[in-house]
Amino acid sequence: NQMLIQALGVRFQKQVFDVMDFSKAFAASRLHVLSVPPGEPFSRLDLSAVKNSHRKTTLKYPMGGVDTFISAQFSRDQKGYLSVWAPESVLAFFNVEKLLDKDGIVAVRGKIYYVKLSPNIFDKLGSKIIIENQMNSREKYSFKVRDLLKAVYETGYAVNFPDRAYRMAYYDEVTEKGGRVVLNPNQQMLVFGTHQSKDDYPTYWIDPNTIPSDGVAVYTFYNGKKVGLRKLDNILEIYNNPS
């Protein structure tokens with residue numbers, strides 16, 4: 001009976017967590033393409049300078065005796081992935097939802113760590129990620145999902161439109177193969193997010209390969225905000241409220 005109760009409890013937690021907005025990620029709606037740029041861009045940046053910069057958040061822990069950064073990203077099918085990155089040592093990804101069923105494992109400089117999810121069914125973003133040394137339970141790090149989302153948001157490139165501030169990220173996508181989450185360096189995502197309220201970060205993703213170089217594509221973001229994009233090799237031009 002006790003095993004049945006535990007099983008039902010895990011199932012209930014999973015059902016609740018399934019509907020959690022890990023990051024409210026939407027495919028940005030593309031309205032049309034302007035053949036002629038509408039004046040000077042609001043912002044212009046080299047995407048190679050900001051690529052994967054979201055991995056280096058303020059959630060930094062001395063795992064394996066080296067600085068190890070915890071971050072997150074999502075896929076275009078809205079799955080949330082946790083990343084554990086120790087420069088020159090390890091880069092590992094975990095499907096957050098699957099941590100409900102099975103702890104993740106990551107090695108940093110020869111030390112093995114469990115990666116766990118402790119769900120809070122009454123406060124979804126209060127759910128905790130716990131990283132614990134396999135051989136020394138006193139070495140343990142934990143943080144709430146809301147703290148993770150805030151830390152990732154703050155790593156973004158600032159695009160401060162007059163009517164609303166956004167943060168932009170550009171990163172390599174990940175994919176799941178054979179039960180493992182692996183990096184796909186041949187496919188990227190461009191992401192714009194805005195901070196609407198305490199725990200609300202409406203986010204919009206775009207496949208950078210669909211951004212034209214011979215015109216300006218116009219997209220709609222939060223509350224109908226119009227943003228124009230043009231991509232010239234690695235240079236991204238951003239236009240504010242193009243008509």
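Is Glu237 buried or exposed? With a relative accessibility of 4%, Glu237 counts as buried, where buried means under 20% relative accessible area, exposed means over 50% and partly exposed covers the range in between, as found with a 1.4 Å probe on the protein chains only.

1. On the model itself. This is a predicted model, in which local features need a pLDDT of at least 70 and side-chain atom pairs count only at pLDDT 80 or more, while totals for chains, interfaces and linings use all residues. Residues are numbered from 1 along each chain as its sequence is written, and side-chain values use heavy atoms, with hydrogens and water left out.

2. On the salt bridge of Glu237. Side chains of opposite charge can pair when their charged atoms come close. Glu237 forms a salt bridge with Arg44, the closest N and O atoms being 3.4 Å apart; the term stands for a side-chain nitrogen of Lys or Arg within 4 Å of a carboxyl oxygen of Asp or Glu. This pair links distant parts of the chain, since Arg44 belongs to strand 3 (residues 43-46) and Glu237 to strand 18 (residues 235-240), 193 residues apart. Helices (H or I, at least four residues) and strands (E, at least two) are DSSP runs, numbered from the N terminus.

3. On a salt bridge between two loops. The whole structure holds 13 salt bridges, and one of them joins the side chains of Asp207 and Arg76, at 3.6 Å from N to O. Asp207 lies in the loop between strand 15 (203-206) and strand 16 (216-220), and Arg76 in the loop between strand 5 (68-74) and strand 6 (80-86), so the pair ties together parts that are 131 residues apart in sequence. Asp207 counts as buried at 18% relative accessibility, whereas Arg76, with a relative accessible area of 28%, is partly exposed.

4. On Lys116 and Glu132. Here the closest N and O atoms of the salt bridge are 3.3 Å apart. Because Lys116 lies in strand 9 (residues 111-118) and Glu132 in strand 10 (residues 128-133), the pair ties together parts that are 16 residues apart in sequence. Lys116 is partly exposed at 24% relative accessibility, while Glu132 is buried, with a relative accessible area of 13%. If neighbours within four places in sequence are left aside, Glu132 is in contact (heavy atoms within 4.5 Å) with Ile112, Tyr113, Tyr114, Lys116, Ser137, Glu139 and Lys140.

5. On the surroundings of strand 10. Strand 10 is mostly covered, with 5 of its 6 residues buried. Two strands are said to pair if DSSP finds at least two bridges between them. Strand 10 pairs with strand 9 in the antiparallel sense over 6 bridges, and Leu117 stands opposite Ile129 of strand 10. Strand 10 also pairs with strand 11 (residues 140-144), again in the antiparallel sense, over 5 bridges, and the bridge partner of Ile129 in strand 11 is Phe143. Between strand 10 and strand 11, which form a hairpin, there are 6 residues.

6. On a second hairpin. Strand 12 (residues 157-160) and strand 13 (residues 165-177) pair in the antiparallel sense over 4 bridges, and the hairpin that joins them runs through 4 residues. Asn160 has Ala165 as its bridge partner in strand 13.

7. On His54. This residue is found in the loop between helix 2 (47-50) and strand 4 (60-61), and His54 counts as buried at 2% relative accessibility. Apart from neighbours within four places in sequence, His54 is in contact with Ser71, Ala72, Gln73, Thr155 and Tyr171.

8. On the largest pocket. The largest pocket has a volume of about 360 Å³. On a 1 Å grid over the protein atoms alone, where a cavity is a set of points at which a 1.4 Å probe fits but cannot get out, a pocket is an open set with protein on both sides within 12 Å along at least five of seven lines, and lining residues have an atom within 4 Å of a point. Grid points are joined across faces, edges and corners, and a volume is the space filled by probe spheres set on the points. Of the 15 residues that line the largest pocket, Phe93, Phe94, Gly104, Gly179 and Val181 are the closest to its centre. Strand 7 supplies the largest share of this lining, 5 residues.
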